[in-house]
Amino acid sequence: MDSGDLLVPLDDEKYGYLTHGVHIGLKYRTSDMRPFIYKIRPDKLCVFEVSKIDKRIKTAAKFISRFNPKDVLVVSNREYGKHPIKKFAEETGCVAITKRFVSGTLTNPDIGTYTEPKLIIITDPSADLQAIKEAAETGIATIAICDTNTRFKNLDFIIPGNNKGKNALALIYWLMAREISKINGKEPGTPYEKFVSRAEPQPYLLKMRELQMLSRRRQRGKPRR
């Protein structure tokens, strides 16, 4: 795919897929996700094929636009995904759960959070397992943003990409919202910057960064300052 066919330029300073790390996966990869992986970097991190990310975002947007927005539920237990799904919901009219997904939300009519969507969008299958389980039990179609560690069980359509970085998640949800608005004949209103979470890094991410920096120092043979 020529870069001119992409929704945004590869390395555009403001919107680029590469700029915001949408293409960067994890070291671990499942056999399900291998068709979407372009290469493995020297540091063992997987790299997604950007053209496949782009194509899947376009396809997902077309599919989502077929539904009444009130029948589409977006969920994220991942902190960096909560703000992007909120802005996505505001832009498209879909419904977002930005707090903890309560067990029974899709299966128990007797609780206050009960809802009956026809489509659910998952930010990270590893963090949103309960929502996926209940959607499968009730026959709700499921779209999910999937990193390289994802297995496809109970997922109907996947968008490959970095579902842990705040800039990557913001870009994916912003692009989907923009495409849905275009399909519906509306002018996209919210700029990308408004989709980016302001949440502080979670403790496990800080620890992960510390370990990565320590590993790099050891590889370079430099003493710790």
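## Exercises on a predicted model

The second largest pocket has a volume of about 210 Å³. The structure is a predicted model.

**Exercise 1. Which residues line the second largest pocket, and how do they divide by class?**

Step 1. Find the lining. It consists of P125, S126, L129, I132, K133, N149, T150, R151, K153, N154 and L155.

Step 2. Sort by class. The lining has 4 nonpolar, 4 polar and 3 charged residues.

**Exercise 2. At what angle do helices α2 and α4 pack, and which residues meet?**

Step 1. Recall how packing is described. Two packed helices are described by the angle between their axes and the distance between the axes.

Step 2. Locate the helices and read off both values. Helix α2 covers residues 79–92 and helix α4 covers residues 166–183. Their angle is about 10°, and their axes are 9 Å apart.

Step 3. Classify the angle. Angles under 35 degrees count as roughly parallel. α2 and α4 are therefore roughly parallel to each other.

Step 4. List the contact. From α2 come Y80, G81, P84, I85, F88, E91 and T92. In α4 they meet K166, L169, A170, Y173, M176, A177, I180 and S181.

Step 5. Sort by class. The contact of α2 with α4 has 10 nonpolar, 3 polar and 2 charged residues.

**Exercise 3. What is the order of the strands in the open sheet, and which are the edge strands?**

Step 1. Write the order. The 5 strands run β4-β3-β5-β6-β7, with parallel pairing.

Step 2. Pick out the edges. β4 (95–97) and β7 (157–160) each pair on one side only.

Step 3. Zoom in on one pair. Strand β5 (residues 119–122) and strand β6 (residues 141–146) are joined in the parallel sense by 4 bridges. I122 has A144 in β6 as its bridge partner.

**Exercise 4. Which strands do α2 and α3 lie across?**

Step 1. Take α2. This helix lies across β3 (72–75), β4 and β5, and runs at about 165° to β4.

Step 2. Take α3, residues 129–138. This helix lies across β3, β5 and β6, and runs at about 155° to β5.

**Exercise 5. Do β1 and β2 run parallel or antiparallel, and how many residues lie between them?**

Step 1. Check the direction. Strand β1 (residues 37–40) and strand β2 (residues 46–48) run antiparallel, joined by 3 bridges.

Step 2. Find a facing pair. I40 stands opposite C46 in β2.

Step 3. Look at the link. β1 and β2 form a hairpin with 5 residues between them. In the turn, K44 has a positive phi of about 80°.

Note on methods: Residues are numbered from 1 along each chain as its sequence is written. This is a predicted model: local features need pLDDT of at least 70, side-chain atom pairs count only at pLDDT 80 or more; totals for chains, interfaces and linings use all residues. Side-chain values use heavy atoms; hydrogens and water are left out. Axes are lines fitted to C-alpha atoms, for helices over the stretch in contact, and angles run from 0 to 180 degrees between N-to-C directions. Helices (H or I, at least four residues) and strands (E, at least two) are DSSP runs, numbered from the N terminus. Angles under 35 degrees count as roughly parallel, over 145 as roughly antiparallel, 65 to 115 as roughly perpendicular and the rest as oblique. Contact means heavy atoms within 4.5 Å. Ala, Val, Leu, Ile, Met, Phe, Trp, Tyr, Cys and Pro count as nonpolar, Asp, Glu, Lys and Arg as charged, and the others, Gly among them, as polar. Two strands pair if DSSP finds at least two bridges between them. On a 1 Å grid over the protein atoms alone, a cavity is a set of points where a 1.4 Å probe fits but cannot get out, and a pocket is an open set with protein on both sides within 12 Å along at least five of seven lines; lining residues have an atom within 4 Å of a point. Grid points are joined across faces, edges and corners, and a volume is the space filled by probe spheres set on the points.
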